[in-house]
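Welcome! Take a moment to look over the model below, and then we will walk through it together.

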Amino acid sequence: MASITVRNLDDGLKRRLRIRAAENGRSMEQEARDILRTALGEASATSTDLGSSIRARFAPLGGVELELPPREPIRNPPSLD
C-alpha cells in the first residue's frame with residue numbers, strides 16, 4: 001500500500017477531520033482514507049463526458065426534427081475605408 005503526506009493543512013480543517021473521525025469512532029488517518037475512497041469512488045461512476053450525459057438525460061423524451069434553412073454564400077466583409 002502507498003502512503004501520502006499532506007502538508008500545509010489548515011488548522012480548522014484538521015480540527016474538523018479530528019471531530020468527524022471521533023464521531024465515527026475512527027482515527028483521523030482512517031477517516032481521511034474513507035473520505036478519499038468515497039470522493040474518488042463517485043468520480044468513476046460519472047466518468048462520461050458532458051455531451052453523453054446530456055444526451056442520456058433527454059433521450060427518453062424523444063428527438064426533435066428541425067428544418068434547417070438552406071445555406072447561403074458568405075457576405076463580403078464591410079469596407080473600413
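Which residue forms a salt bridge with aspartate 34, and how far apart are the closest N and O atoms? The partner is arginine 26, and the closest N and O atoms are 3.3 Å apart. A salt bridge here is a side-chain nitrogen of Lys or Arg within 4 Å of a carboxyl oxygen of Asp or Glu. Please keep in mind that this is a predicted model, where local features need pLDDT of at least 70 and side-chain atom pairs count only at pLDDT 80 or more, while totals for chains, interfaces and linings use all residues. Residues are numbered from 1 along each chain as its sequence is written, and side-chain values use heavy atoms, with hydrogens and water left out.

Let us stay with the charged side chains. The count comes to five salt bridges. Aspartate 34 also pairs with arginine 37, with 3.8 Å between the closest N and O atoms. These two sit three residues apart in helix α2, about one turn of the helix; helices are DSSP runs (H or I, at least four residues), numbered from the N terminus. Through shared partners, salt bridges join Arg20, Arg26, Glu31, Asp34 and Arg37 into one network. Arginine 26 counts as partly exposed because its relative accessibility is 31%, given that buried means under 20% relative accessible area, exposed over 50% and partly exposed in between, with a 1.4 Å probe and protein chains only. Arginine 37, at 51%, counts as exposed.

Another salt bridge links glutamate 29 and arginine 33, whose closest N and O atoms are 3.1 Å apart. The two are four residues apart in helix α2, so about one helical turn separates them. Glutamate 29 is exposed at 56%, whereas arginine 33 is partly exposed at 37%.

The largest pocket holds about 700 Å³ of space. Its lining has 17 residues, and the closest to its centre are Val6, Glu29, Ala32, Arg33 and Leu36. A pocket is an open set of points on a 1 Å grid over the protein atoms alone, where a 1.4 Å probe fits, with protein on both sides within 12 Å along at least five of seven lines; lining residues have an atom within 4 Å of a point. Helix α2 gives the largest share of the lining, six residues. By type, the lining divides into 11 nonpolar, one polar and five charged residues.

Finally, turn to leucine 40, which is found in helix α2 (residues 28-45). Leucine 40 counts as exposed because its relative accessibility is 59%.

Note on methods:
Points joined across faces, edges and corners; volume = space filled by probe spheres on them. Nonpolar A, V, L, I, M, F, W, Y, C, P; charged D, E, K, R; others polar.
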